[in-house]
Amino acid sequence: MAVNPKETATQDLNYRRVWRRADRRVMEDVIAMWRRENILPAGIAPEERAMEIVIAIYDGDEIAGCLTADIHVLPRLRAKFAFCRSFIVPAWRGRRLTDRLMIDGHDELRQWAEAHPEEGLAGCAAIYENRALGRHPVEPSGLCLIGYTPQGRQLRVLWFDSYRLPQTRTGQRPQL
């Protein structure tokens with residue numbers, strides 16, 4: 001059986017879970033990656049964005065990518081979601097790293113949500129910036145298409161199995 005070098009290379013990657021742990025080394029590595037790749041939008045402070053790191057991918061000591069998240073209410077679902085953003089260093093693209101990144105990130109955020117029920121976090125959400133993604137209504141990561149942004153980008157969510165919808169009387173909107 002032939003060995004696929006791309007698959008072999010991805011087996012050695014380390015997906016480090018760091019949500020709300022303020023891991024200095026990971027933060028410094030991710031900030032250096034963002035600066036090197038010049039990917040943060042104008043006006044975004046790298047140090048502030050680094051506080052949102054959920055998962056960092058390492059190839060040995062070298063950073064290969066990361067997942068960040070910030071929490072917002074998704075009005076159409078009347079619930080709080082962790083809006084996730086991923087970045088993979090160009091040398092590592094094309095290997096479907098974002099699937100595992102999102103799966104591990106969803107699990108990391110679910111564990112945090114279960115430990116902090118007062119936060120009312122319902123799941124993960126993503127807005128697909130890369131138009132090459134999202135050919136299926138349900139992605140390998142579990143993210144499901146629920147609609148589009150006004151700019152035409154796909155909006156996807158993946159609920160936490162442990163989340164329960166708030167009880168409401170007929171016709172009433174839940175308080176967020």
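# Notebook: sheet, helices and ring pairs

I began with Arg78, which sits in the loop between E3 and E4. Helices (H or I, at least four residues) and strands (E, at least two) are DSSP runs, numbered from the N terminus. I noted that the model is predicted, that local features need pLDDT of at least 70 and side-chain atom pairs pLDDT 80 or more, and that totals for chains, interfaces and linings use all residues. Residues are numbered from 1 along each chain as its sequence is written, and side-chain values use heavy atoms, with hydrogens and water left out.

**Entry 1: positive phi.** I looked up the backbone of Arg78 and found phi near 55°, a positive value in a residue other than glycine. Most residues other than glycine have a negative phi. Arg78 is partly exposed, at 37% relative accessible area; buried means under 20%, exposed over 50%, and partly exposed in between (1.4 Å probe, protein chains only). The hairpin of E3 and E4 that holds Arg78 has four residues between the strands. I found a positive phi of about 50° at Ala22 too, again not a glycine. Ala22 belongs to the loop between E1 and H2 and is partly exposed at 43% relative accessibility.

**Entry 2: the chain as a whole.** I listed four helices and seven strands. Along the sequence they follow the pattern α-β-α-α-β-β-β-α-β-β-β. I read 41% of the 176 residues as buried. The accessible surface is about 10,600 Å², with 50% of it on carbon and sulfur atoms; these areas come from the Shrake-Rupley method with a 1.4 Å probe, and for residues only the protein chains shown count as cover. Of the contacts (heavy atoms within 4.5 Å) with a separation of 6 or more, 60% are between residues 24 or more positions apart.

**Entry 3: the sheet.** I traced seven strands in an open, mixed sheet, ordered E1-E2-E3-E4-E5-E7-E6. Two strands count as paired if DSSP finds at least two bridges between them. Strand E1 (14-17) and strand E6 (144-148) are the edges, each pairing on one side only. From one strand to the next the twist averages 30°. Axes are lines fitted to C-alpha atoms, for helices over the stretch in contact, and angles run from 0 to 180 degrees between N-to-C directions.

I then went through the antiparallel pairs. E2 and E3 are joined by six bridges, with Asp59 opposite Glu62 in E3. Their hairpin has two residues between the strands, and Gly60 there has a positive phi near 65°. E3 and E4 share 10 bridges, and Leu74 has Ala79 in E4 as its bridge partner. E6 and strand E7 (residues 154-159) are joined by four bridges, and Tyr148 is partnered with Gln154 in E7.

**Entry 4: helices on the sheet.** I checked helix H4 (residues 97-115), which packs on the sheet and touches E1, E2, E3, E4, strand E5 (121-127) and E7. The direction of H4 makes about 140° with that of E2.

**Entry 5: aromatic rings.** I found three aromatic pairs. Rings of Phe, Tyr and Trp (its six-membered ring) pair if their centres lie within 6.5 Å; planes under 30 degrees apart count as stacked, over 60 as edge-to-face and the rest as tilted. Trp19 and Trp112 make an edge-to-face pair, 6.0 Å centre to centre with 85° between the planes. Trp19 is in the loop between E1 and H2 and Trp112 in helix H4, so the pair ties together parts 93 residues apart in sequence. Trp19 is buried at 4% relative accessible area, and Trp112 is buried at 11%. I also noted one aromatic cluster of Phe81, Trp159 and Tyr163.

**Entry 6: charges over rings.** I found Arg95 over the face of Trp92, 4.5 Å from the ring centre. Arg100 lies over the face of Tyr15, at 4.0 Å from the ring centre. The criterion is NZ of Lys or CZ of Arg within 6 Å of the ring centre and within 35 degrees of the ring normal.

**Entry 7: Ser86.** I located Ser86 in strand E4, partly exposed at 43% relative accessibility. Leaving aside neighbours within four places in sequence, Ser86 is in contact with Cys66, Leu67, Thr98 and Leu101. Ser86 and Glu129 are 10.0 Å apart, C-alpha to C-alpha, and 43 residues apart in sequence.
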